[in-house]
Structures are given as C-alpha cells and as structure tokens.
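Please go through the model below with the following notes beside it.

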Amino acid sequence: MRALLTSKWTKVAVFLLCLVPLDALIWRALHNGLGANPVEFIQLTTGRWTLRFLIITLCITPFRKLLNLPDLIRFRRMFGLFAFFYVCLHFLTYLGPDQSFDLAAIWKDVAKRPFITVGFLGFLLLVPLAMTSTAGWIRRLGGKRWQMLHRAIYFAAVAGVIHYYWKVKSDVRMPLFYGALVAILLLWRVGGWLSRRRSVVVAKLSSEGARADAAR
Amino acid sequence: MLIRKAPDLTYADVTPKSVYLDRRRFLRVMGIVGATAVAGKSLFDLALPPQVAFAATKFTNLAKSDFSTSEKQNSYEDVTHYNNFYEFGTDKSDPAKNAKNFNTSNWVVSVEGEVAKPRKFTMDEILKVAPLEERIYRHRCVEAWSIVVPWIGFSFNSLIKLVEPTPKAQFVAFQSYYDPGQMPLGRWAGIEFPYVEGLRLDEAMNPLTLLCVGMYGESLPNQDGAPVRMVIPWKYGFKSIKSLVKIKFQQKMPPTTWNLSVPNWYGFYSNVNPNVNHPRWSQAKERRLGEIFKRPTLMFNGYDDQVASMYNGMDLKKNY
C-alpha cells in the first residue's frame, strides 16, 4: 500500500482522474450532450465538483489517521488545487454568460444576494490557499502560520454548502447530503481538538497531583 | 492444486446489453417468430408491450393567431427535456424520464363552484369547445430562463362562457392531477401536492389565457403537462398549471402552491416583471434556451399591450 501511495505513477493517475469531470464536460459539449441549458449544466457540474474536491481534501487528514496511511498527505495539495480549479471554472460561468463581465452589475449582485455573497466569499477564501500551496510558501510562512491560514478551507466548505442550499428552490436533499459530509468531517476535527485539550488538562492535573503527592 | 483453463470466451461472445436487458421481450418475439414461421412486422408489433402512454395525436387545420410571436421557436427536444414538473422529480431532466408511462386516458376535467352550469369535460369534449389554434408564445420561467413554444389550444374564455360564472365568481382556482402511485418522486419535491394555482376572473377571461392541449402540431407530451394545461404567457411559468383536473370559480382569492411554500418569494399575481426581483436572484434578465448570454426581460413578458390595463393603479411591487 505504501509503495502504491508513494509511487510517482499513482500521482499521475490521480491527477488524470481529477480531470475526468472536465473531460466529460468537453466531451458532452462536442457531442451536444449539455442539454437545453448548457451554461446551467456547466455551472451545476463545476459547482458540485468544487464541493466534492473540498470534501475529498478534508477527508485526507481523518483517513490518514483512521486508516494509518500517512502517505495520503501526498495527494492533499493536488485535491485542494483541483477544488480551486473547478471553482474558477464555476466562477467564470458566472462572470461571463451570466453577467456578461459587467463588473458593476456583478458587484451589485454580490452585495445584494446572500446566495451569491456567500459563494463569492467561499471563492475568495480559497484564493490565498491556492497561492500559498507551494513548498516555498510553507517555508516563508512557517508551518504553524501556514496551517492556521489553511484552516480557511473549513469556512470555504461551509460557505460552499450554504451557497448550494440557498440556490436550490425546494428539494434540498443534495445540499443537505453535502452539508452532512462537511459536518462529519469538521466535527471529527472538533472531537480531536477536544480530546487533545482534555488529555493536556489530564496530564497537567496528574502532574500537579504527582507534585502534591511528592510534597505530602 | 491449481486448475488452469484457458478462457474460451471472447468479448464477441458477450450478449449485447440491449438484448440482455430486453431478454423477456426478445424470447417472446423469438417464440412467436418460431411458432408461426410467417411472422411479419405486424406480429412483432403485437409482441411489444401495450402502450399506456397517451399516444401523440397530430392536429391538423390549426388556425393561426395574431397573438403569435415571430421569434425563433425553441426545438421540440429542448421543450421536452428541460421541464419543471416536480411531481415527476425536481431535476430538469426528470420529467422526460419519469412521466413516460403517466396514464392520461379517460381524463376528466371538473368545472365547479360559482357557475350556472357546472359540469365535467372529457378530453373529447374539451377538444370541441372551440376551434384549435396555434399560439406561438414566449414562456418565461421564474428561474430566469425562457423559451418560445408553439402551443395548441383556444382562449380559456371559450370554456368560461359555456359554464356561465355567477356574479359571485371573482377568481378561478385550478388544480393539477396528483397520484403518488404514478408520481412517487412527488414526496421529495418540497412542495405540497396536488399543485394548485389561480387567476383573477378578468385574467382568466383575457384572450391570451390559453387552455392548451398540444404543442408543435401534436398533443401534449406527458412531461409538458398532458393532456390539458393552462398557458398564461405574461406570468412566470409556474402559474401555467399542468395536467389540469379541476377548475373552480369562487369569490375568494385561491391559495397557490408556490405562494404557500414560500410566501415572500412567490405572490399570487407573479406577473413577469424585470423591476421586481426574486429575493435570491435578479429578474432583469433571462437566458433564452439555446443562447449563452442573457437578454433583458420584458415587462409582462412583452405582452403589456394585451394585459397592462388589467393592473392599472395596482402597486406591482406589493402585488408581485
């Protein structure tokens, strides 16, 4: 398993797999398969794949620990960058076909409509993460600060789910499904954080207890 | 011990998926072919399962209408594969798939309430109420997309005149067919069924208001509201109720499905109005299916000459 995960070829294969949603869109575009409203189809597809890649990215840490596969870390940046790639396509369909690149109209729309506002915020949050995804930036920022910054993905994922939920008119099953996945992944982190804090407290208490015993 | 055996099947031996999925009919047809030896095309047709769905009827000698637009019509493919018909699923592609076997035979539309002559209409009777016309209308969905469709029907007021509303009749309430057995996805739609809609009597009397039985020269496909629906071209698409079974004349403003679901998003009138936005999106522009960029939305969907006078003195921002 380890050999498989650390192989260069696995990385290449995963990279190509991540491009399949885009390939499928291009294939459909060339074969008249985008349906009656191609812009909407592309918008929905790229939006959903953004959420999926955010969720996959958020899965890496729990899977590393629960499955004892630390090498999964090799794929995290790639998944995160694919989330950013698909959100850029998603955003472009909004800028172009929807708003005809009319910046004033876009600004008004972003300010006025909560569903656009929250989606836009999610997108903005991902920009610095994509920019600082290189080894050089990790060094420049220092591991601790870099990690703090990259926790913004939690908020981006939540924003993405709210954006989707608010977009849907009445059948909210899909957004709720993605929401549940994000909730589980974030709660797992909260759980880890709480138990670590408790073990610190317990350690502190027991060391104090030991000191007290020693003093007695 | 390991027993190795060379695979003696190649991919060419695999049963084609279509034959595999259709094996029962395949066997039945093969049986008939073998037994009769003279099996011609007619027998093959007999072996096909009976068609429950309302077979498309062609309409001929349709009158042209002055209300028709000369704009480019959308393709039949688009209008039949991009539908909002939540009883059959909430995805635009769902109704085309799930309404295939919708049984619309023995359809009856009941007309009741404040009328001198309440009665039930069969489809045959409806088709005889008035001469059928082709009306090419713009159709604007509240979701900011639009289509141009050659509907077939007649002004709804022809039917109104037959049943003679009493002076108490101020509004008309409409109800769609609902059968959870035939529409199992309806429970996930997030709105209450049966779907209900309504018009003010003068809106219902407006000659633009169409009782629609077909499109593109044929009877309505199931996913487009077979066998009979309303088409009210100056209002958002959801006002044009599908698969109509009940029409009730009444004094009170009737409840309407989307208004019941989210009152501050969808009003009773729901006239197409580029100046009154949906809380979640702008209504200033729309995407005509088949186009990439959006075009400006017209007041009353471009039918202001015929309908604007009905709303004189009304605050359309309040009465959205």
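This is a predicted model: local features need pLDDT of at least 70, side-chain atom pairs count only at pLDDT 80 or more; totals for chains, interfaces and linings use all residues.

Most residues other than glycine have a negative phi. B:Tyr216 has 21 C-beta neighbours inside 10 Å and therefore counts as buried, the cut-off being 20 or more.

With strand β4 (residues 145-155) of chain B, the pairing is antiparallel over five bridges; here B:Phe154 is bridged to B:Leu211 of β7(B). With strand β9 (residues 229-231) of chain B, β7(B) pairs in the antiparallel sense over three bridges, and B:Leu210 is bridged to B:Val231 of β9(B). Strand β7(B) is mostly covered, with six of its six residues buried.

The loops of chain B hold other backbone features. B:Ala144, in the loop between β3 (133-140) and β4 of chain B, has a positive phi near 70° and is not a glycine. B:Ala144 has 19 C-beta neighbours inside 10 Å, so this residue counts as partly exposed.

Most peptide bonds are trans. A cis peptide bond, however, joins B:Phe193 and B:Pro194, with omega about 0°; B:Pro194 is in the loop between β5 (171-176) and β6 (196-200) of chain B. Another cis peptide bond joins B:Ala226 and B:Pro227, with omega about -5°, and B:Pro227 sits in the loop between β8 and β9 of chain B.

Chain B also touches chain A: 15 residues of chain A are in contact with 19 residues of chain B. On the chain A side, these residues divide into six nonpolar, four polar and five charged.

Within chain A, helix α7 (residues 114-131) packs with helix α10 (residues 152-167) at an angle of about 155°, their axes 8 Å apart. An angle over 145 degrees counts as roughly antiparallel, so α7(A) and α10(A) are described that way. Their crossing is left-handed. Among the residues that meet are A:Phe115, A:Leu121 and A:Leu125 in α7(A), and A:Phe155, A:Ile162 and A:Trp166 in α10(A). The residues of this contact divide into 14 nonpolar, four polar and one charged.

Key. Residues are numbered from 1 along each chain as its sequence is written. Chains are lettered from A and ligands numbered from 1 in the order in which they are written. Axes are lines fitted to C-alpha atoms, for helices over the stretch in contact, and angles run from 0 to 180 degrees between N-to-C directions. Helices (H or I, at least four residues) and strands (E, at least two) are DSSP runs, numbered from the N terminus. Angles under 35 degrees count as roughly parallel, over 145 as roughly antiparallel, 65 to 115 as roughly perpendicular and the rest as oblique. A crossing is left-handed if the near helix is turned anticlockwise from the far one by less than a right angle, and right-handed if clockwise. Two residues are in contact if their C-beta atoms, placed from the backbone, lie within 7 Å. Ala, Val, Leu, Ile, Met, Phe, Trp, Tyr, Cys and Pro count as nonpolar, Asp, Glu, Lys and Arg as charged, and the others, Gly among them, as polar. A residue is buried if 20 or more other C-beta atoms lie within 10 Å of its own, exposed if 12 or fewer, and partly exposed in between; C-beta atoms are placed from the backbone. Two strands pair if DSSP finds at least two bridges between them.
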